[in-house]
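Hello,

Here is the structure I promised to pass on. Please have a look at it first; my notes follow below.

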Amino acid sequence: MAGSSEIDNKQKYSSRWSLDGMTALVTGGTKGIGHAIVEELCGLGAKVHTCSRNQSELSECLSQWETKGFQVTGSVCDVMTPSQRQHLILKVSSLFHGKLNILINNVGTCYRKPTVEYTAEDMSFLMSTNFDSAYNISQLAHPLLKASGDGTIVFVSSVAGLVAVNVGSLYSAAKGAINQLAKNLACEWAKDNIRINSVTPWFIRTPLVENAFAKPEFLEAVKSRTPLGRTGEAKEVSSLVAFLCLPAASYITGQTISVDGGLTINGALYS
C-alpha cells in the first residue's frame, strides 16, 4: 500500500495540474478555438460559462456538453455591444457568486482588404470585435477576478500581431494591441493576484479559415512557410490556453506565446 507521504505528494502534484473548483468565462465558445477551449477547461475540472450570438448554435453545444458530463452554462451575447457585455458579466457574477478565476477573451473576426479600401465602418467593426470587446470585458471582469484571489486572463490573439501577415492591416493592428494590453495589465493587476497572457496562433483549422484552405495554392503557401509543414488544430491552441490557467503556470504572466508550428521564427524559410 502507498504510504501517506506518497499519497500526499500525488495529491500535491495532481492539484497543480487541475482546475477543479475553478470558474471560467470563455467568449465565443461554440465553435473553432473557443469551442476547444471550453472542452479543455471542462476536462480539467472547471465550471465554464460561454456566450454566442446564435441561440440555436449555443443550445446545441450546451446539449452536447451536458451529454459529455461537462459543467457549462451559456448565454446569448454580441460582445460588440457594450450593454450586452455588461449583461454578460452580471450573469457570470450571479452564476459564480461574485467570483471568477479565468477569463478567456476569444472572440475575433477578420476580413482582408487593401488598407486604402477599408472604410470607417470597417475599422469600427473590426476594432470593436477584436480589441474593444476584450478590453472592456476585462475591465468589467476585474472585480470578479480579484475577488477570486487567483485570477487569470488569456487573450486569444494572432501571429498577425507579431509579424506581417497578409490578412489586413486592421486585424493585425488590433491583435498587436491585444498583445501589448496583456503586458500592461499583467503589471497593473499583478497586485490583485491576476495573471494575464496572450496566445498567438498561426492558421488553425476553424470555420473562419476553411474557405481559404479550400484553395490549394493558399494552403500550400501556408504549409511552406511553416517549419512543421502543416496547419494547426484548435486543440493545439486550447491546450496552451488551459496550461496558462493552471496552478502549475502560477509564475507566468505578461507573456506572448505563439502556437504557430515555427512560423514566427522561420526567417530563412526552411522547408
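**Notes on the model**

F218 is partly exposed, at 23% relative accessibility. Partly exposed means between the two limits: buried is under 20% relative accessible area and exposed is over 50% (1.4 Å probe, protein chains only).

Some ground rules. This is a predicted model, in which local features need pLDDT of at least 70 and side-chain atom pairs count only at pLDDT 80 or more, while totals for chains, interfaces and linings use all residues. Residues are numbered from 1 along each chain as its sequence is written, and side-chain values use heavy atoms, with hydrogens and water left out.

**Aromatic rings**

A search of the whole structure gives eight aromatic pairs. One of them joins F213 and F218. Its ring centres are 6.3 Å apart, the planes make 35°, and the pair is tilted. The cut-offs: rings of Phe, Tyr and Trp (its six-membered ring) pair if their centres lie within 6.5 Å; planes under 30 degrees apart are stacked, over 60 edge-to-face, and the rest tilted. F213 is buried, with a relative accessible area of 6%. Ring pairs also link W202, F203, F213 and F218 into a cluster.

**Helix packing**

Helix α5 (residues 120–148) packs with helix α6 (residues 169–188). Helices here are DSSP runs (H or I, at least four residues) and strands likewise (E, at least two), numbered from the N terminus. The angle is about 15° and the axes are 9 Å apart. Axes are lines fitted to C-alpha atoms, for helices over the stretch in contact; angles run from 0 to 180 degrees between N-to-C directions. α5 and α6 are therefore roughly parallel to each other. That term covers angles under 35 degrees; over 145 is roughly antiparallel, 65 to 115 roughly perpendicular, and the rest oblique.

Which residues of α5 and α6 make the contact? From α5, they include M123, L126, M127 and F131. From α6, they include L170, Y171, I178 and L181. Contact means heavy atoms within 4.5 Å.

**Positive phi**

H97 is not a glycine, yet its phi is positive, about 60°. H97 sits in the loop between α4 (82–95) and β4 (102–105). H97 is exposed, with a relative accessible area of 70%.

N193 also has a positive phi, near 60°, in a residue other than glycine. N193 lies in the loop between α6 and β6 (194–201). N193 is partly exposed, at a relative accessible area of 49%.

Best wishes
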